Amino acid sequence: MTYQEKKSIVSIISTILIFISFSAYKYVQYPKEGLESTETLHYWGSFVLVLTLVSIFAHIVISIVFNIVFRITTGEKEPTFADELDKHIELKANRNGFFVFILGFLLAMGSLVIDQPAQVMFIILIISGFISDLTGSVSKLYHYRRGV
Amino acid sequence: MGKNLVGNHIRKLRFNHDEMTQQQLADKVGVTRQTIVALEKGNYSPSLELAFRIAHAFSLHLEEVFFYGEHPSKEEDGG
């Protein structure tokens with residue numbers, strides 16, 4: 001298995017772990033007030049914002065740790081640049097990820113149209129962000145293994 | 001993902017050029033070893049620029065390294 005394939009697998013696993021652990025952490029802090037209260041909106045706003053920051057930070061740390069482990073276990077250096085195949089795969093992964101997120105975004109707006117509470121909209125948005133991230137990583141793994 | 005129609009003789013040519021490694025060819029043409037692996041497996045059709053760089057690395061013409069469709073020797077066998 002190549003560096004890029006391993007990195008995609010690590011990315012998939014870390015995305016799932018970060019999302020599940022952060023959601024479990026925030027679940028216990030869910031406000032007891034009414035569904036549309038200011039505190040509830042504040043809760044969902046901070047959920048999205050903090051999850052984004054935590055994800056970025058965790059991915060950077062995991063990437064550094066992965067590179068160190070890769071060097072130690074294989075004795076090889078990780079590629080220092082992205083060539084045309086990497087860029088091609090990156091574009092396809094981004095396209096698939098954005099497509100999933102846009103679907104989720106439209107679904108979230110649809111939930112408001114059919115008079116669902118704001119928290120349903122936030123939950124759909126957050127889950128679509130998670131699935132789109134996952135779709136990007138799975139697309140990368142697929143294209144590195146099966147070709148472009 | 002369907003197989004690419006652009007085939008190549010890179011593996012054979014590497015062998016004929018003092019058993020050049022995939023990493024050596026990758027360094028010569030400015031890509032990662034992963035890309036050479038993908039090319040040899042037929043999982044990736046290179047850009048025209050990369051195809052020319054690979055042909056130059058072996059000091060050959062483009063069509064001596066790459067072919068379109070069926071492997072040329074198979075066509076000859078069939079015809």
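1. How many residues does the contact take from chain A and from chain B? In this predicted model, chain A supplies nine residues to the contact and chain B supplies 12 residues. On the side of chain A that touches chain B, the residues divide into three nonpolar, three polar and three charged.

2. Within chain A, the axes of helix 2 (residues 38–74) and helix 4 (residues 118–146) come within 11 Å and cross at roughly 5 degrees. Because angles under 35 degrees count as roughly parallel, helix 2 of chain A and helix 4 of chain A are described as roughly parallel to each other. Helix 2 of chain A makes this contact through A:Thr40, A:Leu41, A:Trp44, A:Phe47 and A:Val48, while helix 4 of chain A contributes A:Ala118, A:Gln119, A:Phe122 and A:Ile126. By class, the contact between these two helices has seven nonpolar and two polar residues, with no charged residues.

3. The largest nonpolar core has 18 residues, of which B:Leu25, B:Ala26, B:Val29, B:Ile36, B:Leu39 and B:Ile54 touch the most other members. Two or more residues of this core come from each of helix 3 (84–113) and helix 4 of chain A, and likewise from each of helix 2 (22–29), helix 3 (33–41) and helix 4 (48–57) of chain B.

4. For B:Ile36, once its neighbours within four places in sequence are left aside, the residues in contact are B:Gln22, B:Leu25, B:Ala26 and B:Val31.

Note on methods: Residues numbered from 1 in each chain as written. Chains lettered and ligands numbered in written order. Predicted model: local features only at pLDDT ≥ 70, side-chain atom pairs only at ≥ 80, totals over all residues. Axes fitted to C-alpha atoms, helices over the stretch in contact; angles between N-to-C directions. Helix = DSSP H or I, 4+ residues; strand = E, 2+ residues; numbered from the N terminus. Parallel < 35°, antiparallel > 145°, perpendicular 65-115°, else oblique. Contact = placed C-beta atoms within 7 Å. Nonpolar A, V, L, I, M, F, W, Y, C, P; charged D, E, K, R; others polar. Core = buried A, V, L, I, M, F, W, Y, C linked by C-beta atoms within 7 Å. Buried ≥ 20, exposed ≤ 12 C-beta atoms within 10 Å, placed from the backbone.
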